[in-house]
Amino acid sequence: QEDNDSCSDYGSRDKPGTALGRTVPDGNVLFPDIFHTDHLLFYERFKAYQDYILADCKASEVKEFTAEYLEKVLEPSGWQAVWRTNVFEVLVEVVDVEYSALKAVVQLSEPFLCESQVSTFTLECMQELLELKERQIPLQELWVVYDESGELDQTALAVEHVRFFYQCIWRIWDEEEEDDFDYFVRCVEPRLRLHYDILEHRVPSGLVADYQNLLSQCEELYRKFLNVRNSISSSDSDSEVENVAMVEGLKLYEKVEHLKQKLKLIENPLLRYVFGYQKYSGLQAKGLRPTGTKIIHVVASTMMASLLQSLIRDKLCPDSCGEELEIQFHSDPLAAVNACYGGDTVIICPGHYVVDGMFCIADSVELEGYGLPDDIVIEKRGKGDNFVDCAGPNIRISNLKLVQHDAVEGILNVHHGKTTLENCVLQCETTGITVRTSAELLMKNSDLYGAKGAGVEIYPGSTCALLDNGIHHCKEGILIKNFLDEHYDIPKITLVNNMIHNNEGYGVVLVRPTMPSDVKDASAERTKGENVKTGENLIPGVLKDFTVLLMTFLLFPDLGDTQPTESSDGTACLEGFRQEQLPECVTDELELYEKAEIPEQIEGNYEIANVLGATSLTKSQMHKKRLSELGITEADDNLMSQEVFVSIVGNQFKWNGKGSFGTFLF
């Protein structure tokens, strides 16, 4: 009895009666009630797997550790359960447990109770089926019959933990993964957290669908891979057929590994938002009205005469416009935006507007607050993926405060076209602004804060200009996503006079894959005790970048040079930097770093410009190598003329937890 108590914190051994609920089965009323165990909280499952079942076991030891746990808590016989499959349900009695196989030895209960969509499951048929299975049923297919005494609480919970683990946590390839790491930390915890994040609507619906599709594809390909591998191992000949099978097996293996990496990214609570997913909401533009007219939509919770007079004087001004204007009045900003066609303007009067929906803007529309941003607040209530989705050719949003609650995606997504954000305040919930591939964002004189992810996410192939903004109290300030993939274009980024402060991580972080040179650099850093990434010792960081660029120059001596531009305050930056050119500004910057006491914000500007330039150069070399492998020795000018327009001037980086700039390697 003491063993049972020591192996779980569940149950109610200290007082009579069960602590678990009961579930009345659907359908056949003759079936007994079963224990209600599928509602367990995250921390209950976490504690069970970490403390009592898996501990620090390896993937190859999972079954063994689980069997040891079951031996301590599971009643060996004398309890009933409902055996459920996709085809039938039948009441059975457990007479023994094969712990090592995670199976129960059962017999049919009397009287015989069975429910099935197929009438052929008679008593004789079920007896025959059990004989074929040697009367051994996987524990995860059993639901323990409810017992008020509390004596079966541990049994019911143990069966639930086994069932949940093999349905939601375990993957068929886990046992063949590298076995040197703690399986719980590496696989169980991230998958468990993802499961509950999905249950509690903290993951975008599109990302959930992506994960489920990836998982299904990976399982299917892995089974094909196993079949091919087994066919090769069972054959002793060196025939051409076997060679073809080996090639097919290698291709399947590579596909499986690629899908597994994608799954791991989504399972990791940080990386799922760092890498995200290529989602496009498919917004449909209305275009211009058939009549060609453009309408001004005025939004006000209450329209007073004095407010109307001010609007006519400041905004509507029919005399100066030279033509009669059509005006529509609304009390809800969401309704006003939904009524817009291309070229329309929405003027939002002071007030606090609460919306339960998503702004989808696919036309060239202007949203303008009439007054100061703090006086014109649009607050989103209710759970939902998005707040503002932009896909119009030229969208302008100004003088508004957007407040986000209960969100799973960022406050504003720019999918396509150009969006200009000016003099706005954005109070975020998850991530902040996302600039997708091929989209353009111009953000000026605005304030963004509160993002649990990055304040601004910049995707490959996008254009992002941030001028005179405040980005603070986010997980990361600005996140530049990996653009080294051959399918991605280099983003065009302008950061001028921004105040990036009090973020938990870095002010600006670049995400990119680990390169061979990074492994060497990491080894050197461990030897010398340098700390480059946190920005605490920036001179070694610049030396590292200089070394990388110098080595590139030595390896590729045919690369041209370009002169750096300097801003009025002496800040060196890279503007119009061509991929195939090697910048000389590194040596100039090294001289500047040798001067005494360079302010933190200037250091940050230098480092960001350096690393983005070096990464762009790396992409250029990768691109040239791919062309060379294809037999293209003289690249087309259009292919090689991509530019990274990096203007990083006058930004201030203060009180960021990990420093001004960092590189996230994956």
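This is a predicted model: local features need pLDDT of at least 70, side-chain atom pairs count only at pLDDT 80 or more; totals for chains, interfaces and linings use all residues.
Local features are taken at pLDDT of at least 70 and side-chain atom pairs only at pLDDT 80 or more, while totals for chains, interfaces and linings use all residues. Residues are numbered from 1 along each chain as its sequence is written, and side-chain values use heavy atoms, with hydrogens and water left out.

A salt bridge here is a side-chain nitrogen of Lys or Arg within 4 Å of a carboxyl oxygen of Asp or Glu. The model has 22 salt bridges by this rule.

Select Glu189 and Arg193 to begin. Their closest N and O atoms are 3.1 Å apart. Both sit in helix H6 (residues 183–199), four residues apart, so about one helical turn separates them. Helices (H or I, at least four residues) and strands (E, at least two) are DSSP runs, numbered from the N terminus. Arg193 is partly exposed at 33% relative accessibility. Buried means under 20% relative accessible area, exposed over 50%, and partly exposed in between (1.4 Å probe, protein chains only).

Next, select Lys315 and Glu368, a salt bridge with closest N and O atoms 2.2 Å apart. Lys315 is in helix H10 (residues 305–316) and Glu368 in strand E14 (residues 366–369), 53 residues apart, so this pair links distant parts of the chain. Lys315 is partly exposed at 28%, whereas Glu368 is buried at 12%.

Move to Lys481 and Glu457, paired at 3.5 Å between the closest N and O atoms. Lys481 lies in the loop between strands E28 (476–480) and E29 (492–496), and Glu457 in strand E25 (residues 454–458). Both residues are buried.

Finally, select Arg171, Asp174, Arg191 and Glu267, which a network of salt bridges links.
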